[in-house]
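I opened my notebook today to look up a few spots, one entry at a time. Come along and check each one with me.

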Amino acid sequence: MTSKAFHNDFVLPRNEPIVEVALEVAKKPKIPPLLSNMRSIDESKLPYKCGVIFFYHIACTGGSSINKWFGKQIKLNGPHTSYWTKWGRKEKLEANFIKGMTNQTQNIGPNEWRFVHAHGMSYFPNASEAYLYQWRKEVESQGCGFVVTTMLRDAIGHTISQTKGMIKPNVTLDQFMSHLEPENYNQRGLFVSQIDYMLYNMGPRNEQNATREEKVRRAVEILQRHFDVVSLGDHDMFTDIINKITGWKPFKKKASNIFGGDLNYSYAELQKIKDLTEANGDVAFIDAVKHLYYPGHLDYLL
């Protein structure tokens, strides 16, 4: 959630139709986390002849590899495909991203595919959800597909992966993890967990002091309402689905942005990582994703 002043100045410019959309979104009832409430793709209509792929890139989930894969596919598929991104570390960037993204949804050619990469500070899903409705409506009104995607991974493994960020500033684990302490619910830290990225990106964090359970409910709700392709660490499945949607020919993806160093922790330090990741809602969030998007993940118990 962003501050009211920031929201008014940069997210919802006055006298724009998006304000009406935002008010409509605020009135929408909460939806239960059921398979029947998830977005789905009718495979009988694939591949779509044109569209926009919106890739919400959460740090340390393998998104760099997927981003490069998209870049190569765009080069291979010629002049009717394009790549656009705008991200950085400044809060005001979101207004520029929204403007550019809105342009990407307009005047799409009959056989054109546009790929949009959303990353740090570019888009805050929790506060700016209304734009996802607006962008989808605009793209689909042209007879094209609007495909919202993201990559996730095991919650504790994600936090451990992020701790490589302690090396450069040379901070302790306690310092690195301090923003996940429950009493620091609205503080921003040296890294962003998956549930916080899904809700707030790198922007203002949990300003309304939402409970862990409400954060999980809201993050799952955003996935259910808007995300067409959600992958939990399965890059091959992700690329296969995108190829089916677009009609692109498959090619082997190469891993990138791989950390080659060592991360060594004591039992107490690993326990702290586990406890704070759970306290922040990330473990429950990923568990909910497993149940919704991978309903067969407990088949081994049968």
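**Entry 1: Thr81**

I started with Thr81, which touches Ile74, Trp113 and Trp248, leaving aside residues up to four places away in sequence. I kept in mind that this is a predicted model. I found Thr81 in strand E2, residues 81–85. Is Thr81 buried or exposed? Its relative accessibility is 10%, and buried means under 20%, so Thr81 counts as buried. I also looked at its side chain: a polar atom there lies 3.0 Å from the backbone oxygen of Gly78.

**Entry 2: aromatic rings**

Next I looked up the rings, and the structure holds 20 aromatic pairs. I picked the pair of Tyr56 and Tyr197, which is edge-to-face, with 5.9 Å centre to centre and 70° between the planes. Which parts does this pair tie together? Tyr56 lies in strand E1 (residues 51–56) and Tyr197 in helix H8 (residues 194–200), so the pair links parts that are 141 residues apart in sequence. I noted that Tyr56 is buried at 0% relative accessible area, and that Tyr197 is buried at 2%.

I then wrote down a cluster linked by ring pairs: Phe55, Trp69, Phe70, Tyr83, Phe115, Phe238, Trp248 and Phe251.

**Entry 3: strands E4 and E5**

I moved on to strand E4 (residues 145–152), which runs parallel to E5 and is joined to it by four bridges. Leu152 stands opposite Leu232 in E5. Which way do the residues of E5 (229–232) point? Val229 and Ser231 point one way, Val230 and Leu232 point the other way, and all are buried.

**Entry 4: His158**

I looked up His158 and found it in helix H6, residues 155–162. His158 has a relative accessible area of 1%, so I marked it as buried. What does His158 touch? Not counting residues up to four places away in sequence, I listed Ile58, Ala59, Cys60, Thr61, Arg153, Val192, Ser193 and Gln194. For Ser193 I also noted the spacing: 35 residues from His158 in sequence, and 7.6 Å in space, C-alpha to C-alpha.

**Entry 5: Glu140**

I found Glu140 in helix H5, residues 129–140. Glu140 counts as partly exposed, with 41% relative accessibility. Glu140 and Val52 are 88 residues apart along the chain, and their C-alpha atoms are separated by 9.6 Å.

**Entry 6: helix H11**

At 1.5 Å a residue, its 13 residues should span 18 Å, and the end C-alpha atoms are 18 Å apart, so the two agree. Which residues did I note as buried in H11? They are Ile273, Leu276 and Thr277. These residues cover an arc of only 105° around the axis, so they sit on the same side of H11. On the other side of H11, Tyr267 and Ala268 are exposed.

I also asked what covers the buried residues of H11, and the cover includes H6, helix H7 (173–177) and helix H12 (282–293). H6 is the helix where I found His158.

Terms used
Residues are numbered from 1 along each chain as its sequence is written. This is a predicted model: local features need pLDDT of at least 70, side-chain atom pairs count only at pLDDT 80 or more; totals for chains, interfaces and linings use all residues. Side-chain values use heavy atoms; hydrogens and water are left out. Buried means under 20% relative accessible area, exposed over 50%, partly exposed in between (1.4 Å probe, protein chains only). Helices (H or I, at least four residues) and strands (E, at least two) are DSSP runs, numbered from the N terminus. Two strands pair if DSSP finds at least two bridges between them. Contact means heavy atoms within 4.5 Å. Rings of Phe, Tyr and Trp (its six-membered ring) pair if their centres lie within 6.5 Å; planes under 30 degrees apart count as stacked, over 60 as edge-to-face and the rest as tilted. A polar contact is a pair of N or O atoms within 3.5 Å; within protein, one must be able to donate a hydrogen and the other to accept it, and residues adjacent in sequence count only if both atoms are side-chain atoms. The expected span of a helix is 1.5 Å times one less than its number of residues. The arc is that of the directions from the helix axis to the C-beta atoms.
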